[in-house]
Amino acid sequence: MSDNQQIAARVYDVSQLYASASGDIHWALRDVSLDIRDGEFVCAIGPSGCGKTTLLNMIAGFLQPTQGTVEAHGQTVRGPGPDRGVVFQEYALFPWLSARRNVEFGLRQHGASRKVMHEKAQQLLDLIGLTHAADRYPFELSGGMRQRVAVARALATEPQLLLMDEPFAAIDALTRATLQDELLRIWQKLSLSVFFITHNIEEAVYLAQRVVVMSPHPGRIEEIVEIDMPYPRNRGDAAFGAAYARISEVFARVGQEVNVA
Ligand code: ADP
Ligand code: MG
């Protein structure tokens, strides 16, 4: 369908049923539909257990939905693919490989030659501002630097869609603000689509063009809030405060605890 060429990911009427060890079953997601448009920055936010990670894992191709369909770039998702890069909250780096080798690892899996791999890894390290730390090992890097390496590695296959599951949740506030700015710069420079999960309303309002607010039991989309503000955004603007208040209101309506840390 020509329509799908404008869509990075299409989640259509998806439900996910899980069984617990004791045999109870519950819907981690129920009848969820969402389009992520090409070049769009979408955040998903919601209390723990509302199915955010489940949704991201489906788009990544790590999990097949119990019901419904997921497409990425017009193709049904049947597994992970080079068109989708993934960054997790935990630093999913190999501790025995340098920053450079960690980035190269993402390329190795796609059969690139040594020379191409080396050049590409160098470009990615430059892009994320880690040129000087290329030969350090993860234990020699700060949390923020490790997440930059994780982003560079996720970009190694030149994905059009970047999927990020609370990538900055464990990072201190100052570093986190820098990483947010760098992510926005990379998003614009590479014309990526981004699906970014967060627990933090301020982060969502700073980053996203649309914020998907989810609620649990069963996991579903409560509301999608458009953030119609140009970049770079200013946290002190009245419009920023208004968007923040709007999302807080949706949380209050579903009666959930909100983590605004
Ligand atoms: P979130 O990322 O929003 O915190 P998750 O997608 O991780 O939510 O989980 C949604 C619901 O599904 C939760 O109730 C969670 O306990 C449950 N769940 C997640 N993964 C599994 C699994 N592999 N087996 C059983 N239940 C799961
Ligand atoms: Mg999660």
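The residues of the shell around ligand 1 divide into 4 nonpolar, 6 polar and 1 charged.

**The shell around ligand 1**

The residues around the ligand are Y18, H26, A28, P47, S48, G49, C50, G51, K52, T53 and T54. Two elements, strand 2 (25-37) and helix 1 (52-60), each contribute at least two residues to this shell. Helix 1 provides the largest share, with 3 residues.

Oxygen atoms of ligand 1 approach polar atoms of the protein, and the table lists contacts with H26, G49 and T53.

| Residue | Part of the residue | Distance to an oxygen atom of ligand 1 |
|---|---|---|
| H26 | N or O atom in the side chain | 3.5 Å |
| G49 | polar backbone atom | 2.7 Å |
| T53 | polar side-chain atom | 2.8 Å |

On its own, ligand 1 has 560 Å² of accessible area, of which the protein covers 62%.

**Helix 1**

Because 8 of its 9 residues are buried, helix 1 is largely enclosed by the rest of the structure. The buried residues of this helix are K52, T54, L55, L56, N57, M58, I59 and A60. Of these, K52 and T54 also belong to the residues around ligand 1. Helix 1 is followed by G61, which has a positive phi, near 95 degrees.

**The largest cavity**

Which element supplies the largest share of the lining of the largest cavity? Helix 5 does, with 4 residues. By residue class, the lining of the largest cavity divides into 6 nonpolar, 1 polar and 2 charged residues.

**Summary**

In this predicted model, the shell around ligand 1 takes its largest share from helix 1, a helix with 8 of its 9 residues buried. The lining of the largest cavity, in turn, takes its largest share from helix 5.

Conventions: Residues are numbered from 1 along each chain as its sequence is written. Chains are lettered from A and ligands numbered from 1 in the order in which they are written. This is a predicted model: local features need pLDDT of at least 70, side-chain atom pairs count only at pLDDT 80 or more; totals for chains, interfaces and linings use all residues. Side-chain values use heavy atoms; hydrogens and water are left out. A residue is near a molecule or strand if one of its heavy atoms lies within 4 Å of it. A polar contact is a pair of N or O atoms within 3.5 Å; within protein, one must be able to donate a hydrogen and the other to accept it, and residues adjacent in sequence count only if both atoms are side-chain atoms. Accessible areas come from the Shrake-Rupley method with a 1.4 Å probe; for residues, only the protein chains shown count as cover. Ala, Val, Leu, Ile, Met, Phe, Trp, Tyr, Cys and Pro count as nonpolar, Asp, Glu, Lys and Arg as charged, and the others, Gly among them, as polar. Buried means under 20% relative accessible area, exposed over 50%, partly exposed in between (1.4 Å probe, protein chains only).
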